[in-house]
Amino acid sequence: MKKHIFYFVMSVCPVFPALSLFSFGLVFVLEFCLFFLCLLGVRETIPHLRIKDGCVFLIEIPVLLLTSAFFVGFLKIVLPTPAVLLEFYLYVAPFSYMIFDSLVCSGGKSGAATNSDGYPPILTGFVFLSAFSLAREFLYYGTVSLPVFNEIIFTRVLPHGITVFTRFWGSFPGAMILTGMILALFNFIDVKSKNAPNAAS
Amino acid sequence: MMNMNTPEDGRTLRFRIAFVCAALFFMAIVFLLNHFGELKAESVVKAETAEIAAEAFGSTSENENRPDPGERIRVKGSGGRYAFVFASEGGDHAARGSGGGLFFAVPTMGGGGAALSVFYFSPSSGMMFLGSRGAPRTADVADDRPGDTHAGRAVSSGILKIWMRRLSALADTIVEADADGRGRVAR
């Protein structure tokens, strides 16, 4: 799982600036969910088309781009303002997804399929996107937002006075530093726990 | 070119044709969805722009000459791809007190995330930041005043200045100033 988080953070870097609100994070989770289902469908279909292995990318990337165009169109009807705000990043997301997918399936197997732990690797990404956007909004604005039809509703959870101190960690640079520190901590704990049995023996 | 000698080849060809048809059907749906989505987004962004303008210039009862966003102008050029540009309402755009102005609603990205920022341009007053939407209001944003480029805490003043410079250049290509300082939207 740790490996998947690292891969995901690396590949989703370009859309990080857009993950400022929890509701925006949910929008990206929904888009990645669509990518996952589309790729699953395309990869089931491709063997029947008898296409050379090297040409599969030529089908997958246009399908993902079409899916993101579909999603942007749908979002413009359901949530117009966030769709306008995030349009550029929603078109960048397919490339991030393909990078993550190719990193995860470097062994030759489809990244859309379940991994050795029995769940699709992108689930790790969903958890990360939700947690990252929630933390950013919580620290920067002191609110939690949820998308409803045509608008976003905000619920204040931190008083104004406190956000003055937490705001830096919710801003884009602060959130990147925080993410780096958390990942480094994960890595440190992982290395320590691996070395502990060796030291004991 | 595939040689259709075996039943397996025929089956593959049928699959390929079905795949291409499905792709074309999907593209048609995407096109329609984006067309209607764009219309909806335009009306919502226009309403948001009008709301921000009303806050910035004061309500109608206070200022009858305040500009309102009218017809959308489609422009090509730097910063224009994702910008919604509206001509201020009033005949030839010079009848209202503020002269032929333009409203720009652009998605700006700052340290605090994305926000829909609205700018107003007129040949007499130049480019002015009116306010931003899309992010919750923080304590200091509540104190924002129209025209204050340091407002909008989701977006820093530096980023707003970059946008103002970029949009001013874009506005110059759209609005032609008359001799008396009033503007006219070039078509």
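Two strands pair if DSSP finds at least two bridges between them. Strands are DSSP runs of E with at least two residues, and helices are DSSP runs of H or I with at least four residues, both numbered from the N terminus. In this predicted model, local features need pLDDT of at least 70 and side-chain atom pairs count only at pLDDT 80 or more, while totals for chains, interfaces and linings use all residues. Residues are numbered from 1 along each chain as its sequence is written, chains are lettered from A and ligands numbered from 1 in the order in which they are written, and side-chain values use heavy atoms, with hydrogens and water left out.

## The hairpin of chain A

Strand 1 (residues 143-148) and strand 2 (residues 151-156) of chain A pair in the antiparallel sense, over 6 bridges. Within this pairing, P147(A) stands opposite I152(A) of strand 2 of chain A. The hairpin has 2 residues between the strands, and N150(A) takes a positive phi near 75°. Strands of a sheet pair through backbone hydrogen bonds, either parallel or antiparallel.

Two packed helices are described by the angle between their axes and the distance between the axes. Axes are lines fitted to C-alpha atoms, for helices over the stretch in contact, and angles run from 0 to 180 degrees between N-to-C directions. Contact means heavy atoms within 4.5 Å.

| Helix pair | Angle between axes | Distance between axes |
|---|---|---|
| Helix 1 (residues 2-12) of chain A and helix 5 (residues 122-140) of chain A | about 65° | 9 Å |
| Helix 2 of chain A and helix 3 (residues 56-78) of chain A | about 145° | 10 Å |

The crossing of helix 1 of chain A and helix 5 of chain A is right-handed. A crossing is right-handed if the near helix is turned clockwise from the far one by less than a right angle, and left-handed if anticlockwise. Helix 1 of chain A contributes H4(A), I5(A), F8(A), V9(A) and V12(A) to the contact, and helix 5 of chain A contributes I122(A), T124(A), G125(A), F128(A) and L129(A). By class, this contact of helix 1 with helix 5 of chain A has 7 nonpolar, 3 polar and no charged residues. Here Ala, Val, Leu, Ile, Met, Phe, Trp, Tyr, Cys and Pro count as nonpolar, Asp, Glu, Lys and Arg as charged, and the others, Gly among them, as polar.

Helix 2 of chain A likewise passes helix 3 of chain A in a right-handed crossing. Among the residues in contact are L34(A) and F35(A) of helix 2 of chain A and V63(A) and F70(A) of helix 3 of chain A. The contact of helix 2 with helix 3 of chain A has 15 nonpolar, 2 polar and 3 charged residues.

## Two glycines in helices

G25(A) lies in helix 2 (residues 22-49) of chain A, and G180(A) lies in helix 7 (residues 172-200) of chain A. G25(A) is buried, with a relative accessible area of 0%, whereas G180(A), at 38% relative accessibility, counts as partly exposed. Buried means under 20% relative accessible area, exposed over 50%, and partly exposed in between (1.4 Å probe, protein chains only). Not counting residues up to four places away in sequence, G25(A) touches L19(A), L129(A) and S133(A). The C-alpha atoms of G25(A) and V127(A) are separated by 9.9 Å, although the two residues are 102 apart along the chain.

## The nonpolar cores

A nonpolar core is a set of buried Ala, Val, Leu, Ile, Met, Phe, Trp, Tyr and Cys residues joined through side-chain atoms within 4.5 Å. The largest such core has 58 residues, of which F28(A) and F32(A) touch the most other members. Helix 4 (residues 80-104) of chain A gives the most to this core, with 11 residues. Apart from it lies another core, of 22 residues, among them V75(B), A83(B), V85(B) and M127(B).

## The sheet of chain B

Chain B has 2 helices and 7 strands, following the pattern α-β-β-β-β-β-α-β-β along the sequence. Buried residues make up 44% of its 187 residues. In chain B, 5 strands form an open sheet in the order 1-2-3-4-5, with antiparallel pairing. Its edge strands, each pairing on one side only, are strand 1 (69-73) and strand 5 (126-133) of chain B. Neighbouring strands of this sheet are turned by 35° against each other on average, direction ignored. Strand 3 (residues 102-110) and strand 4 (residues 113-122) of chain B are joined by 9 bridges, and L102(B) stands opposite F121(B) in strand 4 of chain B. Helix 1 (residues 7-57) of chain B lies across strands 1, 2, 3, 4 and 5 of chain B, running at about 110° to strand 5 of chain B.
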